[in-house]
Amino acid sequence: MLRFSDFDFGVSWVMSFFHQDGTHDGDTAADIVAKHLSESADELALAVRRDARTLLDNLPSETLEVLWTAGAQYMASFEGTSGSEWTRTVISLCDARLAAKADVRPLTGADTEDGWGCRDAVVAEIERAEFLAAEVREALVDCARHCTPDLAFRVLLRTIVNDASDRSLSPEQYTRMETIGSALHYGEFVVDSVEFLVEEEPPSPVNSH
């Protein structure tokens, strides 16, 4: 059974709002998140709140700031706050969005998958992403071990997309990522977001007679 969305979700989805053109969606980072949440399905708001609470409860503010900065290409007005304060703001925005409806159903089934069975595989992929800064890899590993491997893996994918210049993934790396995504019940466009970075296999030599 797949999750409720074929696309990215949770905190990693929120990170995707922050790119150069994203500033048109609001004057502040909170405005941008509130706008997207107001237009989203209940499940998306629930997934964001679940991820954000997990981050806030299990990681120090400095680590949260590293993750948010790496996962978001451009964060308007992020300066002047802390990782914990910003994560708390995201939770409050989700609470406000969900309080507007009386019949919000909790996430169930595949939508609550934490991915603990994939922890070692997720940590291994983080450590193989040597093009990421050491502090980013360390923060992602902490997320995999102290939050959930599912959340860490989605943030890893988002971070790889943001750090895509002159980078490539081997076909073997991508196949491993697809295997993890399948185990985590992701829809087809979650791991697919990094497929454009897969280096092409060299053509097989043609035997001449």
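Colleague: Which residues in helix 4 meet helix 8?
Modeller: On the helix 4 side they are Leu-67, Ala-70 and Gly-71, and in helix 8 they meet Val-155, Arg-158, Thr-159 and Asn-162. Contact here means heavy atoms within 4.5 Å. Helices are DSSP runs (H or I, at least four residues), numbered from the N terminus. This is a predicted model, where local features need pLDDT of at least 70 and side-chain atom pairs count only at pLDDT 80 or more, while totals for chains, interfaces and linings use all residues. Residues are numbered from 1 along each chain as its sequence is written, and side-chain values use heavy atoms, with hydrogens and water left out.

Colleague: At what angle do helix 4 and helix 8 pack?
Modeller: About 50 degrees, with the axes of helix 4 (residues 61–71) and helix 8 (residues 149–162) 8 Å apart. That makes helix 4 oblique to helix 8. Angles under 35 degrees count as roughly parallel, over 145 as roughly antiparallel, 65 to 115 as roughly perpendicular, and the rest as oblique. Axes are lines fitted to C-alpha atoms, for helices over the stretch in contact, and angles run from 0 to 180 degrees between N-to-C directions.

Colleague: Switching to cysteines. How many disulfides are there?
Modeller: Zero, from a search of the whole structure; a disulfide is a pair of cysteine sulfur atoms within 2.5 Å.

Colleague: What about the core, which residues have the most contacts inside it?
Modeller: Phe-18, Leu-55, Trp-68 and Phe-153, in the largest nonpolar core, which has 65 residues. A nonpolar core is a set of buried Ala, Val, Leu, Ile, Met, Phe, Trp, Tyr and Cys residues joined through side-chain atoms within 4.5 Å.

Colleague: What does Phe-153 touch?
Modeller: Not counting residues up to four places away in sequence, Phe-153 touches Val-122, Met-177, Ile-180, Gly-181, Leu-184, Tyr-186 and Val-191.

Colleague: Is Val-11 buried or exposed?
Modeller: Buried, with a relative accessible area of 0%. Val-11 lies in helix 1 (residues 10–15). Beyond four places in sequence, its contacts include Leu-55 and Trp-68, along with Leu-151 and Arg-154.

Colleague: Last topic, backbone. What is phi of His-185?
Modeller: Near 65 degrees, a positive value in a residue other than glycine. Most residues other than glycine have a negative phi. His-185 is in the segment after helix 9 and is partly exposed at 23%.

Colleague: Where is Ser-193 found?
Modeller: In the segment after helix 9 (171–183). Ser-193 is partly exposed at 27%, and leaving aside neighbours within four places in sequence, Ser-193 is in contact with Leu-157 and Val-161.

Note on methods
Helices (H or I, at least four residues) and strands (E, at least two) are DSSP runs, numbered from the N terminus. Buried means under 20% relative accessible area, exposed over 50%, partly exposed in between (1.4 Å probe, protein chains only).
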